[in-house]
Amino acid sequence: MSTQNASSTITLRSLQKFKENEEKFACLTAYDACFSSILSEAGVEVILVGDSLGMVLQGHDSTLPVTMTDMIYHTRCVKRGNKGSLIMADLPFMSYASETQTLENAASLMRAGAHVVKLEGGAWISNTTKLLTERGIPVCAHMGLTPQSVNRIGGFHVQGRDTNHAQLIIDEALMLQEAGANILLLECVPRALAKKITGLLKIPVIGIGAGPDTNAQIMVLHDVLGVSPITPKFVKNFLVEGNNSIFQAIEAYVNAVKTKSFPSEEHCFN
Ligand code: KIV
């Protein structure tokens, strides 16, 4: 059951209100107009044009080969199908390495239809966050497991398990909020750490593999529909008996997020 009118328009203020009212909101990736339309009609508040498209659409083993041309193309497609969700688009690997490049690339995503740009990193993206937000481009800072740094990390591993690293993530999250970040996304961190950060921050926190206590959940579309070749611990297939269409599966995901039945213990890291 959807709790959102399909014609409503979600903004950063709406997300902030969700946090203040302690209501969960649902986020999901989409890469084309058809799925974007289904997601917004099913009540998904935030659609992410994720650079995960490099893996789920293009078949690469990481997100590193994704280009700005890819991101602009897919953001345009998603914008055409969208019916009132907030569109977030990823700045891909090495597209925010210098100030000029960052501004040009973020502006291109906004012109293509994004309402928010997402970039990965900790303290080192704090100046970039300030640069963008001061110029009117909302930022979602992606922390924890940052897939664009998979080679430095040495794989897709849970982050912040030891006390020092957990404290570093907390400090950097606060720093990014201070720099102007409008949303924080936490990927693959222990449940207790995500809970602590969500409580400390004023801005909404979206989680994936971060437990049930963040303000929102996000998943990769292909994971929710059970068509991904790999299924990490935090993934749940909603296209199962009882949900007999893609639309019903997406609605079930939205409902599970809002009623806090997803993620459950089996999807959490400790
Ligand atoms: O690119 C993506 O889809 C993401 C999600 C995994 C959060 O960043």
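Let's start with strands β7 (residues 205-208) and β8 (residues 216-219), which pair in the parallel sense over 2 bridges. Pairing here requires DSSP to find at least two bridges between two strands. Across this pair, G207 sits opposite Q217 in β8.

A quick word on what you're looking at: this is a predicted model, where local features need pLDDT of at least 70, side-chain atom pairs count only at pLDDT 80 or more, and totals for chains, interfaces and linings use all residues. Residues are numbered from 1 along each chain as its sequence is written, and side-chain values use heavy atoms, with hydrogens and water left out.

## The whole barrel

Zoom out, and you'll find a closed barrel of 8 strands with parallel pairing, in the order β1-β2-β3-β4-β5-β6-β7-β8. On average, neighbouring strands of this sheet are turned by 25° against each other, direction ignored. In total, the protein has 11 helices and 8 strands. These are DSSP runs numbered from the N terminus: helices are H or I with at least four residues, strands are E with at least two.

## A look at β2

Strand β2 covers residues 46-49; V46 and L48 point one way, I47 and V49 the other, and all are buried. Buried means under 20% relative accessible area, exposed over 50%, and partly exposed in between (1.4 Å probe, protein chains only).

On one pairing, β2 is joined to the parallel strand β1 (residues 25-29) by 3 bridges, and L28 stands opposite I47. To get from β1 to β2, the chain passes through helix α2 (residues 33-41) in a right-handed β-α-β crossover. Right-handed means that, with the strands pointing away from the viewer, the path from the first strand over the helix to the second runs clockwise. On another pairing, β2 and β3 run parallel with 4 bridges, and M88 in β3 is the bridge partner of L48.

## A helix across the strands

Helix α5 (residues 99-112) lies across β3 (86-90) and β4 (116-120), running at about 140° to β4. Axes are lines fitted to C-alpha atoms, for helices over the stretch in contact (heavy atoms within 4.5 Å), and angles run from 0 to 180 degrees between N-to-C directions.

## Overall packing

How does the radius of gyration fit a compact globule? With 270 residues, such a globule would be near 18 Å, and the protein has 17 Å, which agrees. That radius is taken over C-alpha atoms, and the globule rule is 2.2 Å times the number of residues to the power 0.38. Buried residues make up 59% of the 270.
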